[in-house]
Amino acid sequence: MPVDTLSIRNRSAIGRFPAGTLPPEDPEKVKLKKPETKWSCCTWFRQCCLRCCCRKTADDAVTGGPTETTEIPETGTILEVHSIDLLKSNKEPNRLEHHTDRYRSENLIIRRGQTFQMLIELSRPFNSKTDKLHLDLKLGNLPDVSKGTHVIVPLVEDLQDNCWEAKIVEQTDKKIKLSVNSLPTAAIGKYRLGVATRSPTGEAMSPYGPDNDIYMLFNPWCEGDSVYMDNEEERKEYVLNDMGIIYYGTDNQIGDRPWNFGQFEKGILPACLFLLEHSGTPASGWGDPVNVVRLLSAMINSPDDNGVLIGNWSGTYDNGMAPTFWNGSSDILRQYHENGGAPVRYGQCWVFSGVTTSVMRCLGIPTRSVTNFESAHDTDVSLTTDVYLDENYEPIEELNRDSVWNFHVWNDCWMARPDLPAGLGGWQAVDATPQETSQGVFRCGPSSVAAVRNGQVYLKHDTPFVFAEVNSDKVYWQRTADGTFTPVIVKKNAVGHCISTKAVGSDEREDITHLYKYPEDSEEERIAVETACQYGSKSGLYDVSSANDVTVQITMDGEEPQLGADAKLAVTVKNTSAEQRSFNLHSQVAVMYYTGVYKSTVKKDQVPMELQPNEVETVEWCLPYEHYKDHLVDQAMLMLTLTGRVTETKQVLATQFRFRLRTPDIIIKPDGDTAVVGKELKVTIVFQNPLKRTLKNVKFRIEGLGLQSVREVSYGDIKSLATATLTEKFIPSEAGPQKLLASLDCRQLPQVHGVANIDVKAYLSLLAVICGRRHLSTSQAAEEPNGDGRDNFVSKSSRNLFSMLGIPDAFLSEDPESWNSRDDFKAAEAIINSLANYNTSGSNFSTDMTSFSEKVSELLTCPYKSNITQKELNRVLLRFCCNASGYLYLTKQNTAVHQIIPYESDVYPSYTMNAALHNMLPEAFPWSERCLGRCAVVGSGGILKNSNCGREIDSADYVISYRNAQKQPGPLMRRVSVYGNASLIMPAFASPLNTQLSVSTLKALWPPNPEMRVVFFSSSYLKKLDHFWKGRGLNGRRLSTGFMLINVALELCDHVHVYGFWPFDINLEKQIVPHHYFDNIGPKIGIHSMPEEFLRLLQLHSQGALTLHLQPCS
């Protein structure tokens, strides 16, 4: 198993720049159309060394390079597909125009009903007169043409829209460019693509490859799609916004918590489509959003179909996560998918809603999370919320099955409803929280919000249940002497308060109660209620009459009650009559789950009241901390019930008031003035225990899109009234306004969280990282004078880079804050990004080694000059793509306990980080804030043998070398111990076998020797690096380990010297050399593309980005 050693020669050698990446191709050369040639090594050499200083031949000077004959295909041969290019980069028009550029996926993602383009390379030029071609798309397990899951896309002369069709819009020799239309009602999902060809000599079908899978989504931008939404700002909010706010608490104490929807994160789209597949429903139904949201509302809960989340309202969350601890959806969806559909533990309504929003937005359905305060749960389809009292006006808990939740969170999804009468499209209520079954399954909706508002409860789906949640009357029933019940009070404004959602384009709360119900007590509202109740199980309640000249009201004056202190409320009784009124006021306060379910009564009392005519009296009601401290459950909810009967009129008094005890927030304070992409940011997290008791086994959970992946910190105990402080470090990866979320998990203290708004700047990571804000030494300053009094800010080489990129000299202001507001800065940023996207092409290598060796030798005779500009550009590109300075190997800082670690290859299941292994990880990466000086990267090529380069290698500040490890660590340790202070970097997650060997090695060498540390490559880093080079045309199933290490050095080191990289069996002196200096076992066929990697190294050498040593050292 390969192991890489990093030897520290000089710990005091501190680099000047943060870190970087690799050479983009020359744009002019990339644009040239290359003839179809038979490539040789010499041809490759000329292509990769375009800027070489070596002489040209006379023929080259005339022709601009060597000429090759183009092979003319035979006429009449069968037409075959050689390659398919779906133009799927997130910077290609396909992804940009379809608004799918933010999905972190390597596949083509498009929206239905909209044109996309693709390139096809054929075995010979396409002849429209004799050749035929069509696209073949298959969806699901049983694709069927008649059901729309097997789509045959024909070539047409002109595109007509609103159907599947393709047109050749460009043809160049063997390549054709197709413009393809899809049906705006097409089923969504992952389509397998094939291209069928037919010619007079036969038929052919392109082989299937998962890289050519096409993900089809709903399209709110397409008027023909039933999820079409005509307001662009609303589309941005309800489809493209990956952050949101979910509201909770009571209507008097509305709280809010940010939520990471994360619909664009890597792996989330496959997880959402896995839900559709796992549902067992036919793919032919995946084109109707009504069907899709209905089945997903069932699949997001677990009771009857092993869906995503297990609901738990018990207050005990063993073997899982407390619902209040989640900050977002992506970790939940990723766990569910990676574990093959095993439900995740645990969720409550806001978690179900957050996951639903993520899934729907990911699939293209405009969706928002909605909170209803005082939300009724009707259990008997009466369309009323019933409260039963005994003869003494005490609640009969065993009969009170209906409940009023302090708050309940569901979703609104936007779509047309052709299955309902006209006018009932638009927002549809969908609820994934498993409360009641619908047609035998725990699901709810979609129910037209307009139908709910009008009381049209006879319309599908589940409209009676949603109507009762927001607009049912609350009916108090009293038990009579014969055991029957009589309605004594009807409260018409008891449920459905302050229905809330996040406002479009801001973090403000928007009240949407008016969409669900007419104003309370208006004629329209009463008509809607009475219309609905005609279809309920208890009609005829509206003739209840009684004197009502005495009122009781409970209010909260001043600050909200704080958890850990006495709770105080104001009770106001009012006599509006001209006569005296007297009664006994019974009070009972109970601890409630937020769902309205009773847990325990903590205080009861009775107060005699006597009111004079028109008298108003306010009394203070107090609940001491000692009464409730041992009874609280999640959300810290309490309900005060007041009842009584007026002696003179027999008027029944009854009211209920829900309130929560406010928990303290977690305070998050970023350290420093500016957060910058690619630069480490430190934050301080502070929490104070409000209780006069010790909090046990406290955990913090920290995450933020574009900031920090999910991280759990086991803090331990926090003593009574003590303050806990954490310091977290992370490296922002995305510019713009971001939110860092933190939550606390503790049995004694529920619903504690905090948020910090962090504005991440891009300009310093693009410009100041290039110029480095470096302080030049005296000698450097003498060599690179700026001539304008700013020697300590911008180097001459950086100015040259800015000039090359078209960045005006005015950018080099002392005040970098001014860069961000300039339009030409944005243009410069675009230029840098475009440089990172140029692709290079792969090819086969001939065996003409003699000529090739001569050309390499010729290159090495050219005077070598280090190119600081190229080095810094490489460093920036690599830092943006992969970030070795933060994620090269696993640390406690970048990896959490229970975090899912993917393997490098998707063929293996993931690995879950356990606490024991996490404890053995290093705390952090030691070189995140400095470069490493001069680094020697040593491969294992046969040219190292007898090269006399050992002393030169050992003179480097750092040595990064590749070696084969034995199953027993002892011999390896003895061999590398000569390097002194070194780290062993092991590819632990290349395969499960590697994991076993790596963990065994780590355990054998634990506790760590400060001079010999064992660390594990981050598979995420290696995957990003692989993606980076594949995007630049480098073929091969996996990058070679040596090539990976060179990339690490290009980012971390000031000067990179490369030894032992020569993938051929004849050296420059035309002598046979072994493949390795220690054996002659060649690489496995089809794994690496070492010749192509070598040519990239030659190109880097010719550009002055690194020094490639291919000859014996002097």
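The model is predicted; local features need pLDDT of at least 70, side-chain atom pairs count only at pLDDT 80 or more, and totals for chains, interfaces and linings use all residues. Residues are numbered from 1 along each chain as its sequence is written, and side-chain values use heavy atoms, with hydrogens and water left out.

The secondary structure comprises 28 helices and 49 strands. Helices (H or I, at least four residues) and strands (E, at least two) are DSSP runs, numbered from the N terminus. The chain has 1114 residues, of which 56% count as buried. Buried means under 20% relative accessible area, exposed over 50%, and partly exposed in between, with a 1.4 Å probe and protein chains only. Contact means heavy atoms within 4.5 Å. Among contacts between residues at least 6 apart in sequence, 71% join residues at least 24 apart.

Two packed helices are described by the angle between their axes and the distance between the axes. Axes are lines fitted to C-alpha atoms, for helices over the stretch in contact, and angles run from 0 to 180 degrees between N-to-C directions. Angles under 35 degrees count as roughly parallel, over 145 as roughly antiparallel, 65 to 115 as roughly perpendicular and the rest as oblique. A crossing is left-handed if the near helix is turned anticlockwise from the far one by less than a right angle, and right-handed if clockwise.

Helix 6 (residues 268-278) packs against helix 8 (residues 330-338) at about 55°, with the axes 9 Å apart. The two helices are therefore oblique to each other. Helix 6 passes helix 8 in a left-handed crossing. Helix 6 contributes I268, P270, A271, C272, F274, L275 and H278 to the contact, and helix 8 contributes S330, L333, R334, Y336 and H337. By class, this contact has eight nonpolar, three polar and one charged residues. Ala, Val, Leu, Ile, Met, Phe, Trp, Tyr, Cys and Pro count as nonpolar, Asp, Glu, Lys and Arg as charged, and the others, Gly among them, as polar.

Helix 20 (residues 868-881) and helix 27 (residues 1041-1052) form another packed pair, at an angle of about 115° and with axes 8 Å apart. Helix 20 and helix 27 are therefore roughly perpendicular. Their crossing is also left-handed. R875, L878 and R879 of helix 20 meet N1047, L1050, E1051 and L1052 of helix 27. Three nonpolar, one polar and three charged residues make up this contact.

Helix 11 (residues 463-471) is mostly covered, with eight of its nine residues buried. The buried residues are T463, F465, V466, F467, A468, E469, V470 and N471.

S353 lies in helix 9 (residues 349-363). S353 counts as buried because its relative accessibility is 1%. Residues up to four places away in sequence aside, S353 touches S369, V409, W410 and N411. Its side chain makes a polar contact of 2.9 Å with the side chain of S369. A polar contact is a pair of N or O atoms within 3.5 Å; within protein, one must be able to donate a hydrogen and the other to accept it, and residues adjacent in sequence count only if both atoms are side-chain atoms.

E728 is found in strand 39 (residues 723-730). E728 is buried, at 5% relative accessible area. Neighbours within four places in sequence aside, E728 is in contact with L681, K682, V683, I685, I702, R711 and V713. The side chains of E728 and R711 are joined by a polar contact of 2.7 Å. P670 is 58 residues from E728 along the chain, and their C-alpha atoms are separated by 9.5 Å.
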